[in-house]
Amino acid sequence: MPRKLLKYKNYDVHSITTCTPETPDRPSRRNANIATWVMQTAMGGTHLVVALYEPDLTIELVRESGILNVNLLAEEQTGLIRKLGQQSGRDKDKFKNLPYALDERGCPYLTEAIGYAQCRVIDRIPAGDHELFVCAVEKQVVLNPDKRVMTNQFIKEKKLVRG
Ligand SMILES: Cc1cc2nc3c(=O)[nH]c(=O)nc-3n(C[C@H](O)[C@H](O)[C@H](O)COP(=O)(O)O)c2cc1C
């Protein structure tokens, strides 16, 4: 039995994908992580908040680009927990052998996810060891409506993460 109340909470599992613009000095950089701390904050689904962890590549690229996609993962995508959530894009190209496509902004999204919310960062708030990125949702796209949403409880039961 967990000792701490917040360990009882369940969350959906997402991947945050992002890319920076190409400049004369630097090529575009892209990345994908795993994120559970994502929350809708407007009744019409117009806003989301995403909590990103300070040392990671994802937060560095989102700070620079101000754009991201929130990909809602499906249960069958458990292989992504290790690939995207337990190693850093600083050390490897996570898009190798990863099914993805680019939205009209050039930002990647995961084609085997349930779908993605196309987001633009409008504010940032420090919050413990994560920073909150308040996002305007520009578009919601459903790609695979019949798949089941991956949850934190599900990946704990599969022993992919510790509880
Ligand atoms: C189940 C799970 C949930 C996670 N939730 C978050 C989260 O909400 N926010 C976050 O920034 N990182 C979260 N992470 C950690 C990042 O996905 C992880 O540190 C990743 O390796 C970062 O890679 P990067 O350096 O390429 O950005 C989570 C990881 C796992 C496995």
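In this predicted model, aspartate 103 and arginine 105 pair through their side chains in a salt bridge, with an N to O distance of 3.1 Å. Aspartate 103 is buried, because its relative accessibility is 6% and the cut-off for burial is under 20%. Side chains of opposite charge can pair when their charged atoms come close.

A second salt bridge joins the side chains of arginine 120 and glutamate 138, at 2.6 Å from N to O. This pair links distant parts of the chain. Arginine 120 belongs to strand 8 (residues 115-127), glutamate 138 to strand 9, and the two are 18 residues apart. Arginine 120 is partly exposed, at 37% relative accessible area. Glutamate 138 is also partly exposed, at 39%.

Arginine 63 and glutamate 131 form a further salt bridge, and their closest N and O atoms lie 3.3 Å apart.

The overall fold comprises three helices and nine strands. From the N terminus, the order of elements is β-β-β-β-α-β-α-β-β-β-β-α. The radius of gyration is 15 Å, close to the 15 Å that the globule rule gives for 163 residues, so the protein is as compact as a globular protein of that length. Along the principal axes, the C-alpha atoms fill a box of roughly 55 × 35 × 35 Å. Buried residues make up 43% of the 163.

The positive patch consists of Arg3, Lys4, Lys7 and Arg162. Lysine 4 lies in the segment before strand 1 (14-19). This residue counts as exposed, because its relative accessibility is 56% and the cut-off for exposure is over 50%. The nonpolar patch consists of Met1, Leu5, Leu6 and Tyr8. Together these four residues have about 590 Å² of accessible area. Tyrosine 8 is likewise placed in the segment before strand 1. With a relative accessible area of 48%, tyrosine 8 is partly exposed.

Backbone angles single out two further residues. Most residues other than glycine have a negative phi. Asparagine 97 has a positive phi, near 60 degrees, and is not a glycine. Its place is the loop between helix 2 (79-85) and strand 6 (100-102). Asparagine 97 is exposed, at 72% relative accessible area. Lysine 159, again not a glycine, has a positive phi of about 60 degrees. Lysine 159 is found in the segment after helix 3 (152-157). With a relative accessible area of 73%, lysine 159 is exposed.

Note on methods:
Residues numbered from 1 in each chain as written. Predicted model: local features only at pLDDT ≥ 70, side-chain atom pairs only at ≥ 80, totals over all residues. Heavy atoms only, no water. Patch = residues over 30% accessible without salt bridge, like charges linked within 9 Å, V, L, I, M, F, W, Y side chains within 5 Å. Areas by Shrake-Rupley, 256 points an atom, 1.4 Å probe, with all protein chains shown as cover. Lys, Arg positive; Asp, Glu negative; His and termini not counted. Charge placed at Lys NZ, Arg CZ, Asp CG, Glu CD. Helix = DSSP H or I, 4+ residues; strand = E, 2+ residues; numbered from the N terminus. Buried < 20%, exposed > 50% of the residue type's maximum accessible area, 1.4 Å probe, protein only. Rg over C-alpha atoms; globule rule 2.2 N^0.38 Å.
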